[in-house]
Amino acid sequence: MDGRRPGADSRPVSPQVIGALNDLLSGRVPIMFADLPLVLSHIQNGGLRALAIGDTTRSPALPDVPTVTEAGVPGYSAAAWYGLFAPAGTPAPVIAKLQTEVTAILQQPDVRKRMTELGATPVGSKPAEFRKFQLSEMKRWKEVVDSAQIRME
């Protein structure tokens with residue numbers, strides 16, 4: 001994703017993930033960064049080859065696939081993440097109840113096992129922790145977008 005890296009020659013192809021995945025599967029594009037849950041079944045059935053994992057650690061779903069850092073790009077880290085959001089103004093007790101229940105669900109062994117099999121890593125952080133994480137991600141990616149002069153088309 002970060003074409004500013006030494007030796008990287010990359011360009012955006014398709015803004016729509018499913019269209020980009022179809023382009024990759026059909027051979028119209030040679031490489032793609034994708035969320036692991038989106039492509040894991042294609043990797044497992046041999047339709048795609050995983051070259052590296054963008055996170056800082058290997059995926060339990062693909063333990064033999066190196067991270068991008070292990071593959072030779074020091075310091076690389078880009079991982080997909082998902083969050084549960086509620087409308088602004090949702091009462092604090094409702095948010096607390098949602099967080100408690102979702103965390104309990106994410107701690108269930110069968111849920112953790114299935115999410116891991118699908119290429120996801122369940123976390124279940126508290127709202128303040130998640131907000132801090134969001135802000136750090138927005139700051140980090142804003143710097144990448146600004147330095148690469150990426151503009152909306």
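User: Which orientation do helices H3 and H4 take to each other?
Analyst: This is a predicted model, in which local features need pLDDT of at least 70 and side-chain atom pairs count only at pLDDT 80 or more, while totals for chains, interfaces and linings use all residues. Residues are numbered from 1 along each chain as its sequence is written, and side-chain values use heavy atoms, with hydrogens and water left out. The axes (lines fitted to C-alpha atoms, for helices over the stretch in contact, with angles from 0 to 180 degrees between N-to-C directions) of helix H3 (residues 92-107) and helix H4 (residues 109-117) come within 5 Å and cross at roughly 75°. Since angles under 35 degrees count as roughly parallel, over 145 as roughly antiparallel, 65 to 115 as roughly perpendicular and the rest as oblique, H3 and H4 are therefore roughly perpendicular.

User: Which residues of H4 make the contact with H3?
Analyst: Contact means heavy atoms within 4.5 Å, and on the side of H3 the residues that make it are Ile105, Leu106 and Gln107. On the side of H4 they are Pro109, Val111, Arg112 and Met115.

User: How many nonpolar residues does the contact of H3 with H4 have?
Analyst: For the classes, Ala, Val, Leu, Ile, Met, Phe, Trp, Tyr, Cys and Pro count as nonpolar, Asp, Glu, Lys and Arg as charged, and the others, Gly among them, as polar. Sorted in this way, the contact of H3 with H4 has one charged residue and one polar residue, while its nonpolar residues number five.

User: How many helices does the chain have?
Analyst: Helices (H or I, at least four residues) and strands (E, at least two) are DSSP runs, numbered from the N terminus. From that end on, the elements of the chain run α-α-α-α-α. The secondary structure therefore comes to zero strands, and the number of helices is five.

User: What share of the residues in the chain is buried?
Analyst: A residue is called buried under 20% relative accessible area, exposed over 50% and partly exposed in between (1.4 Å probe, protein chains only). Of the 153 residues in the chain, the buried ones make up 19%.

User: Within what arc do the buried residues of H2 fall?
Analyst: In H2, the residues Leu36, Val39, Leu40 and Ile43 are buried. The arc is taken over the directions from the helix axis to the C-beta atoms. An α-helix has 3.6 residues a turn, so residues three or four places apart point the same way. Seen down the axis of H2, its buried residues line one face of the helix, because they fall within an arc of 130°.

User: Is Thr67 buried or exposed?
Analyst: Thr67 has its place in the loop between H2 and H3. Leaving aside its neighbours within four places in sequence, Thr67 is in contact with several residues, including Ala52, Ile53 and Arg58. With a relative accessibility of 3%, Thr67 counts as buried.

User: What distance separates the C-alpha atoms of Gln99 and Pro127?
Analyst: Gln99 lies in helix H3 and, at 16% relative accessibility, counts as buried. Leaving aside neighbours within four places in sequence, Gln99 is in contact with Gly124, Ser125, Lys126 and Pro127. Although Gln99 and Pro127 are 28 residues apart along the chain, their C-alpha atoms are separated by 7.5 Å.

User: How far apart in space are Thr100 and Lys126, C-alpha to C-alpha?
Analyst: Thr100 has its place in helix H3 and, at 46% relative accessibility, counts as partly exposed. Thr100 and Lys126 are 26 residues apart in sequence, and from C-alpha to C-alpha their distance in space is 8.6 Å.

User: Which residue has a positive phi of about 55° although it is not a glycine?
Analyst: The residue in question has its place in the segment after helix H5 (127-147), and it is exposed, with a relative accessible area of 60%. The residue with this positive phi of about 55° is Gln149.
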